[in-house]
Amino acid sequence: MSNRRELANAIRALSMDAVQKAKSGHPGAPMGMADIAEVLWNSHMKFNPKNAKWVDRDRFVLSNGHGSMLMYSLLHLTGFNLTIEDIKNFRQFHSKTAGHPEYGYADGIETTTGPLGQGITNAVGMAIAERTLAAQFNRPGHPIVNHHTYVFMGDGCLMEGLSHEACAMAGALGLGKLVAFWDDNNISIDGHIDDWMEKDVPGRFESYGWHVIRDVDGHNAEAVDAAIHEAKSVQDKPTLICTRTTIGFGSPNLCGTHDCHGAPLGDAEIALTRENLGWHHEPFVIPQNVYDGWDHTAKGAAEEAAWNELFASYEQNYPDLAKEFKRRMAGELPANFEVEMDKFIAKTQSEMPNIASRKASQNAIEAMGPLLPELFGGSADLTGSNLTNWSGTVKVNKNNANGNYISWGVREFGMAHMMNGMVLHGGFKVYGATFLMFMEFMRNALRMSALMKIGTIYVYTHDSIGLGEDGPTHQPVEQIATMRAIPNFQTWRACDAIESAVSWKIAVLRSNAPTALIFSRQNLTPMARTAEQVKNIEKGGYILRDCGTEPDVILIATGSEVQLAMKAAEQLAQDNIQARVVSMPCAEMFMAQSEEYREMVLPSYIRERVAIEAGITDYWRKFVGLDGAVVGIDTFGESAPADVLFKHFGFTVENVVNTVLDLLDDGGCTDGCCGGHH
Ligand SMILES: Cc1ncc(C[n+]2csc(CCOP(=O)(O)OP(=O)(O)O)c2C)c(N)n1
Ligand SMILES: [Mg+2]
């Protein structure tokens, strides 16, 4: 049998050798945290390497994702489907062992990490999900949801504001099964951190309401083991274990310095390190006794088997709950969801309420709530403005885990990444809201959910200058366009209550990609539609008003500007100009339709096109081309009542009509057939 240090040295060797082979990567953190990882993974964590998705596994998040070789070493050594060849391919094209741990690339990676502060925030979300799922499903003698969330994080994660948001929230909620390790090595990229890091991290976490275990020697296995036992015994607070480590532990000349943070050690130093650690094996060779010391296959199978037995008994005693638990963990929607939503959409169409789309959104949530017990909402302290609550809202807080809504406090970025963590954990459809403007605070979370292909739902109200008096700080102009630029992301900006309901349905159905639902503060005129038009809303863009003949011009609009386009079309008709109106609540969804459909809606030979959206104009150029025009806003907004602003910025029937007339005049028809209008 090998001793603990020898087992940890396998991580060190794999990490320094893989980084050296790739000529790129970060050996310092894996070498520094190897002893801690060994104790945690070998003596505490429950997981089954042969069934990485076992629902009651402990979650492990490497928030200092640059230390990815630590993660890959652990997955390889404990018996996940990650071979020594995969390790040799570290950071190579299409390898499982990407530069940073990428969710979905290899079994056992719970979230993509690398942007510092994000992993810990995801982990808080996972711990929230665990706690609430346990409250919803566990029954006496049947704790079917009962696992820890463990996080490694470096100084960098703790410096990032994001982690402050999440850790304060974790303390406020008393997440007793969250255990975080601070890799207290005094080093970040620029060198010794004394000049830029706060001095009292433990005090900060105590003030958040965490249990803090100070001054643990991260290279002393017994001390680490004792700290983890203590952490697990504290059940009403999250625990921070402060582990002092030496970055690059084992490297005689580079350890303790920033030189080993993010560069290969070099062949000579690696040889010295082997000598120093007493690791006398070729690169990528792990002796059998070391593999044996790490192998979690049998242990993992037994851990899962014990749970399976527990679940079988649960299934016998609570068959309906068991079925519901399986459904939710599989991410399957209730069978009646689509049918019921379509009924709600049809009803909304027949009633045609003249309401703000944020109110329409709330109505949709009210309709979905009883159908979807997995629906979990929240707002960054704007519930009354975002209208994200409903009659069945029950808040989750420190005293109550059995709920379906969180007041996240004023923490947009934290909220978004905690939501991502909840989604990654499984069992919930998660939405959270703020004003559209404050999307800016959470951009990276949107991007990461798109990159990870997870179905987080972002609700944004107060979608334009239409919010009025709060002024330019609160009035989005370029926000929708920047979200449209995120790959694998959809933004829906509904024009009325009916489109709002459809956008909610689509967002809930999209389990492999995130969606932003954008709603207005002000009332929006409901549009009449045929059943076919209602169906076509789902295509992201459709003909809302046609003209019987070949259109002279196509007006493309979103959200509150659709009603304007409709009025302008009426006026143009009086002038004998035939305008088609295309409502485009989701341009990305429209672009994903067949060419045939897109051509039917926007025939390529009709170049007379005007797009209307109270946002920057650039995005619409791809729809209107060089021959078309855009009515938009390329400056910041102003503080004034909404109707004054819409007028000032040209969102009037008159301006849209004139824009069309100018366009048609420029078309240069000289034969007198139409007074210059094609
Ligand atoms: C948000 C973000 N900013 C910057 C970086 C680049 N970066 C990667 S590691 C690192 C330093 C992190 O220091 P620490 O967490 O102490 O890691 P250690 O050097 O101790 O391994 C930085 C700035 C990043 N990955 N994410
Ligand atoms: Mg550090």
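**Salt bridges in the predicted model**

D342 is partly exposed, its relative accessible area being 32%. In this predicted model, the side chain of D342 meets that of K505 in a salt bridge, with an N to O distance of 2.8 Å. Because D342 belongs to helix α14 (residues 337-351) and K505 to helix α20 (residues 497-509), the pair ties together parts that lie 163 residues apart in sequence. K505, for its part, is buried, with a relative accessible area of 1%. Both residues also take part in a network of salt bridges in which E338, D342, K505, K535 and E538 are linked.

The structure holds 29 salt bridges, and two further pairs are described here. D546 forms a salt bridge with R580, in which the closest N and O atoms are 2.9 Å apart. Since D546 is found in the loop between β16 (542-545) and β17 (553-557), whereas R580 is part of strand β18 (residues 579-583), this pair ties together parts that are 34 residues apart in sequence. D546 is partly exposed at a relative accessible area of 39%, while R580, at 8% relative accessibility, counts as buried.

A salt bridge is likewise formed between R607 and D627, whose closest N and O atoms are 3.5 Å apart. R607 lies in the loop between α24 (595-601) and β19 (609-612), and D627 in the loop between α25 (621-624) and β20 (629-631), so that the pair ties together parts 20 residues apart in sequence. With regard to accessibility, R607 counts as partly exposed at 48%, and D627 is partly exposed with a relative accessible area of 43%.

Notes. Residues numbered from 1 in each chain as written. Chains lettered and ligands numbered in written order. Predicted model: local features only at pLDDT ≥ 70, side-chain atom pairs only at ≥ 80, totals over all residues. Heavy atoms only, no water. Salt bridge = Lys/Arg side-chain N within 4 Å of Asp/Glu carboxyl O. Helix = DSSP H or I, 4+ residues; strand = E, 2+ residues; numbered from the N terminus. Buried < 20%, exposed > 50% of the residue type's maximum accessible area, 1.4 Å probe, protein only.
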